[in-house]
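Please keep the sequence and the model in view while reading the points below.

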Amino acid sequence: MPQTITQYADASLSMSWEVDVFGSIRNRVKAQKENFAVSKEEYNAVMVSLCAQVASVYINLRELQQEMDVVMQNCLSQKAVVEITQKRYETGLVSKLDVAQAQSVYYSTKASLPTLEAGIIQYTNTLGILMGLYSEDVKSLTTNPRPLPDYIETVGIGIPANLLLRHPDIRSAERQINAQAASLGASKSDWWPQVFVKSSIGFASHDIDKIANHNSLTYEIAPPYHGISFKEESWHRQPGLPKHNWMKRSGSLTKRC
């Protein structure tokens, strides 16, 4: 028997949508939004902590700088006292004990300078780490001593309970509870059937030269259901058949044109 060769060309685009009848998608979207809000609150908490640390380190740095200026001035005055006491001792007006006491006070004050310098270097390096700068850059900005910031503006806090609710940790915990509640709602919705809408459109023909012809257009709209047994109905138009020819098969309603 002679062999029969049949050619068939098909080019189509298929799409599927889930109809959110029972709120599963809505609850999952809400859970993701709440999780994003949790991340934002955690970021705000980190920024508040960072700003507080930067302010604290800066205040401590300026305090040490002012303290060092005072100590250096005291060293100069105490050195002058030592020199005066030494002259008075040489003229016989004071005893050797007075010279020793003046020198003891002077050297004791001078011995505190290395500790203050080490503290200034430590706070300068810490400030550079917090601000993401090199310590040399921070040192060039903070070399000249300046007075401490004078902030006297009154900040209204309102009700203390409301102030507590504005804390980033509390807001983050509240967002987490909302996210878990939305996830629970999505899990409960999964017990119900899932409704999908499937559609496709394209061209099909036994003659590849006529595949782009309008008579070769095919389309299908089918609502399949998952989670419960439904009879699927689809409308399918195929080329090469007489118009208004309907037939029932495989649980689907098919139209052949």
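This is a predicted model: local features need pLDDT of at least 70, side-chain atom pairs count only at pLDDT 80 or more; totals for chains, interfaces and linings use all residues.

Ile 170 is a residue of helix H6, and at a relative accessibility of 35% Ile 170 counts as partly exposed. The points below begin with the chain as a whole, then turn to the packing of its helices, to individual residues and to the cysteines.

**The chain as a whole**

- The protein chain contains 6 helices and 7 strands.
- Read from the N terminus, the order of these elements is β-α-α-α-α-α-α-β-β-β-β-β-β.
- The protein chain has 257 residues, of which 23% count as buried.
- When contacts between residues at least 6 apart in sequence are considered, 57% of them join residues at least 24 apart.

**Helix H1 with helix H6**

- Helix H1 spans residues 24-90 and helix H6 spans residues 168-189; their axes come within 8 Å and cross at roughly 165°.
- How are H1 and H6 oriented to each other? An angle over 145° counts as roughly antiparallel, and H1 and H6 are therefore roughly antiparallel to each other.
- The crossing of H1 and H6 is left-handed.
- Sorted by class, the contact of H1 with H6 comprises 9 nonpolar, 10 polar and 8 charged residues.

**Helix H1 with helix H3**

- Helix H3 covers residues 113-131, and H1 and H3 pack at an angle of about 155° with their axes 9 Å apart.
- That angle makes H1 roughly antiparallel to H3.
- H1 passes H3 in a crossing that is left-handed.
- The contact of H1 with H3 has, by class, 16 nonpolar, 6 polar and 2 charged residues.

**Helix H3 with helix H4**

- Helix H4 is formed by residues 135-142; H3 and H4 pack at an angle of about 115°, and their axes are 8 Å apart.
- This arrangement makes H3 roughly perpendicular to H4.
- H3 and H4 cross in a right-handed sense.
- On the H3 side, the contact is made by Thr 124, Asn 125, Leu 127 and Gly 128; on the H4 side, Ser 135, Val 138, Lys 139 and Thr 142 take part.
- By class, the contact of H3 with H4 has 2 nonpolar, 5 polar and 1 charged residues.

**Residues of helix H6**

- Ile 170 is in contact with Leu 164 and Leu 165, once its neighbours within four places in sequence are left aside.
- Ile 170 and Glu 41 are 129 residues apart along the chain, while their C-alpha atoms are separated by 9.0 Å.
- Ser 172, also found in helix H6, has a relative accessible area of 7% and is therefore buried, since buried means under 20%.
- Apart from neighbours within four places in sequence, Ser 172 is in contact with Val 38, Glu 41 and Glu 42.
- The C-alpha atoms of Ile 177 and Ala 31 are separated by 9.7 Å, although the two residues are 146 residues apart along the chain.

**Residues of helix H1**

- Ala 80 has its place in helix H1 and is partly exposed, with a relative accessible area of 33%.
- From C-alpha to C-alpha, Ala 80 and Tyr 106 are 9.5 Å apart in space; in sequence they are 26 residues apart.
- Thr 85 likewise lies in helix H1, and its relative accessible area of 12% makes Thr 85 buried.
- With neighbours within four places in sequence left aside, Thr 85 is in contact with Val 94, Asp 98, Val 99 and Ala 102.

**Cysteines**

- How many disulfides does a search of the whole structure find? The search finds 0 disulfides.
- Cys 51 counts as partly exposed, at 48% relative accessibility.
- Cys 75 counts as buried, at 8% relative accessibility.

Definitions and conventions:
Residues are numbered from 1 along each chain as its sequence is written. Side-chain values use heavy atoms; hydrogens and water are left out. Axes are lines fitted to C-alpha atoms, for helices over the stretch in contact, and angles run from 0 to 180 degrees between N-to-C directions. Helices (H or I, at least four residues) and strands (E, at least two) are DSSP runs, numbered from the N terminus. Angles under 35 degrees count as roughly parallel, over 145 as roughly antiparallel, 65 to 115 as roughly perpendicular and the rest as oblique. A crossing is left-handed if the near helix is turned anticlockwise from the far one by less than a right angle, and right-handed if clockwise. Ala, Val, Leu, Ile, Met, Phe, Trp, Tyr, Cys and Pro count as nonpolar, Asp, Glu, Lys and Arg as charged, and the others, Gly among them, as polar. A disulfide is a pair of cysteine sulfur atoms within 2.5 Å. Buried means under 20% relative accessible area, exposed over 50%, partly exposed in between (1.4 Å probe, protein chains only). Contact means heavy atoms within 4.5 Å.
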